[in-house]
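Morning, everyone. Please look at the model on the screen while I talk.

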Amino acid sequence: MSTLPESVSTIYGENTVEYATDTYLVDKSTGTIKKVGGGLEALKQAAEIILDTERYQNQIYSSNFGRELKKLVGKPPEYVASMLKRRIREAFSTDSRFLSVDNFVFETTLGSMKCTFDIKTVFGMVSGEVEV
């Protein structure tokens, strides 16, 4: 039995990677694989993984995978807001299934900033959220 769905193939271009849409879909409530699937549900899961993975921290991922938010902790809110937009867009720019990231909304509370946004994918819209 293979560890990845048979449809998985990675094609390296100049700056983007094309990932297979079919993947193992995880049920977050139980932490188990519920099925192999694709489409918008797979891209929602991929977006969550990208947003939960700090770039350069895990050897299993390439240096193009994930987001860079750790270094923003403790910086002025104006700086954090401007850098969040750029870094979130960069996180999704290497995967051709994600087309754009827009509609950023920032909410500042005592000592932290929450950012919500919309991610346009080849299958539709996905919402995203990070907190610094």
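First, a term: buried means under 20% relative accessible area, exposed means over 50%, and partly exposed lies in between, with a 1.4 Å probe and protein chains only. By that cut-off, 34% of the 132 residues of the protein chain count as buried.

Two notes on the source. This is a predicted model, where local features need pLDDT of at least 70, side-chain atom pairs count only at pLDDT 80 or more, and totals for chains, interfaces and linings use all residues. Residues are numbered from 1 along each chain as its sequence is written, and side-chain values use heavy atoms, with hydrogens and water left out.

Now the layout. The protein chain has two helices and seven strands. Here helices (H or I, at least four residues) and strands (E, at least two) are DSSP runs, numbered from the N terminus. Along the sequence the pattern reads β-β-β-β-α-α-β-β-β.

Take α1. Its buried residues are Gly39, Ala42, Leu43, Gln45, Ala46, Ala47, Ile50 and Leu51. What covers them? The cover includes β3 (23–27), β4 (32–37), α2, β5 (98–109), β6 (112–121) and β7 (124–131). Contact means heavy atoms within 4.5 Å.

Next, arginine 55. Where is it? Arginine 55 lies in the loop between α1 (39–52) and α2 (77–93). Is arginine 55 buried or exposed? It counts as buried, because its relative accessibility is 10%. Leaving out residues up to four places away in sequence, arginine 55 touches Ser63, Asn64, Phe65, Gly66, Arg67, Glu68, Glu90 and Ala91. Its side chain also reaches the backbone oxygen of asparagine 64, at 3.2 Å.

Conventions:
A polar contact is a pair of N or O atoms within 3.5 Å; within protein, one must be able to donate a hydrogen and the other to accept it, and residues adjacent in sequence count only if both atoms are side-chain atoms.
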